[in-house]
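Me: I am new to this structure and would like to go through it step by step. Could you begin with the terms I shall need?

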Amino acid sequence: MSQFTRLVPRAARFSARPVTTYRYAIPAATGFKRSVRGFSSGNPTRFPASGPPETSSEERSDSGAPALGTPKRLPEFNLANKVVLVTGAARGLGLTQAEALLEAGAIVYALDKAPHPSPLFDSIQTRATHDFGTALHYRQVDVRDVPALNALVSEIADTHGRLDGLIAAAGIQQETPALEYTAEDANMMFEVNITGVFMTAQAAAKQMIRFGNGGSVVLIGSMSGSVANRGLICPAYNASKAGVIQLARNLAMEWGEYGIRVNTISPGYIMTKMVEELFEQHPERKTEWPKQNMLGRLSSPKEYRGACVFLISNASSFMVSSHLACGC
Ligand SMILES: NC(=O)c1ccc[n+]([C@@H]2O[C@H](COP(=O)([O-])OP(=O)(O)OC[C@H]3O[C@@H](n4cnc5c(N)ncnc54)[C@H](O)[C@@H]3O)[C@@H](O)[C@H]2O)c1
């Protein structure tokens, strides 16, 4: 029996009912108490961080080494039966990452403010059911609507009795010179890209803690969180992505004790609708931008498939507070 299951009564671990404020002691001798609202946690101490799964006996050769030619090679990448949320998954990077997670076996919920996902969604949903034996669901939610977000994430976790992962990819972009930026526009940027990401991660972490299996949270930052791209005039966006990268480090530091790992992926330019819209206004960038990175080209959403499966899965079980910077 794990440490968590010993500490928390079964009813509290699997109850679909919301659980009221619970106070727990900090494991180290810090001499103060914190309260966590809205979910149950065990008294003190650390949750077990799930390690990489053992290779099963069927997958081993006579010598005991993992057998070759089995569909279960590299089992630590296997996401079968894991429940993962992806925000911003109506299209673009989020939808591509949702597809990768499905291929690795996860049950995926795409969360987005758009009333309907892109036309691609339906074919991915069909593949999920027919080719991978799993499921892709769509739920409309605005990440700024915190009560709705919490209710939805809690409902999803209740449905499956678990929540294992989150990719927080919902984000907005706005190009306006710093001297002209309005406070309203800056606040909107930070509300979606920082507070929205923060509240999504918090909603997911509450459920991960409630069910006691740990989990993996991946925040989508950007290379623009670390550099000011020449000729890309979006001060608030860049500041918001710097905020996401630093937010991840803090969440990782706080939630490691629950077995929740938090990491960031910071893509370089990706050819998605977000970038296509910028190219419509500034066609010269189509030729200029590829010259500005080491590989001399822009990336495509599928080039982040591996990174997201890696970070959500046990393949990265000891990776925390890291920042995968891509193509800068
Ligand atoms: N495209 C790039 O070059 C690039 C580079 C680095 C990082 N990123 C980041 O990757 C992520 C995905 O970008 P993309 O290029 O796929 O963009 P996209 O515009 O194609 O997709 C973003 C999705 O987020 C959703 N969204 C926006 N605001 C929301 C809200 N308030 N609540 C819920 N959903 C909301 C949108 O409806 C959309 O479906 C973003 O966080 C973006 O900042 C993109």
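Reply: Axes are lines fitted to C-alpha atoms, for helices over the stretch in contact, and angles run from 0 to 180 degrees between N-to-C directions. Helices (H or I, at least four residues) and strands (E, at least two) are DSSP runs, numbered from the N terminus. This is a predicted model, in which local features need pLDDT of at least 70, side-chain atom pairs count only at pLDDT 80 or more, and totals for chains, interfaces and linings use all residues. Residues are numbered from 1 along each chain as its sequence is written.

Me: At what angle do helix 5 and helix 6 cross?

Reply: The axes of helix 5 (residues 146–160) and helix 6 (residues 183–211) cross at roughly 30° and come within 9 Å.

Me: Which residues of helix 5 and helix 6 meet?

Reply: From helix 5, Val 146, Leu 149, Asn 150, Val 153, Ser 154 and Ala 157 take part, and their partners in helix 6 include Met 199, Ala 203 and Phe 211. Two residues are in contact if their C-beta atoms, placed from the backbone, lie within 7 Å.

Me: Turning to the sheet, what is the order of its strands?

Reply: The open sheet has 7 strands in the order 5-4-3-6-7-8-9, and their pairing is parallel. Strands pair if DSSP finds at least two bridges between them.

Me: Which strands stand at the edges?

Reply: Strand 5 (136–140) and strand 9 (323–325) do; each has a single partner strand, so one side of each is left without a neighbour in the sheet. Direction ignored, neighbouring strands of this sheet are turned by 15° against each other on average.

Me: How many bridges join strand 3 to strand 4?

Reply: Strand 3 (residues 83–87) and strand 4 (residues 107–112) run parallel and are joined by 5 bridges. Thr 87 stands opposite Leu 111 in strand 4.

Me: Which strands does helix 5 touch?

Reply: Helix 5 packs on the sheet against strand 3, strand 4 and strand 5, and its direction makes about 160° with that of strand 3. Helix 6 lies across several strands, among them strand 7 (215–220), to which it runs at about 175°.

Me: Which residues come nearest to the ligand?

Reply: Gly 88, Gly 92, Gly 171, Ser 222 and Thr 272 come nearest, of the 28 residues around the ligand. A residue is near a molecule if its C-beta atom, placed from the backbone, lies within 6 Å of it.

Me: What is the mean pLDDT of the chain?

Reply: The mean is 83, and 78% of the residues reach 70 or more; pLDDT is the predictor's confidence in each residue, from 0 to 100. Over residues 1–49 the pLDDT is below 50.
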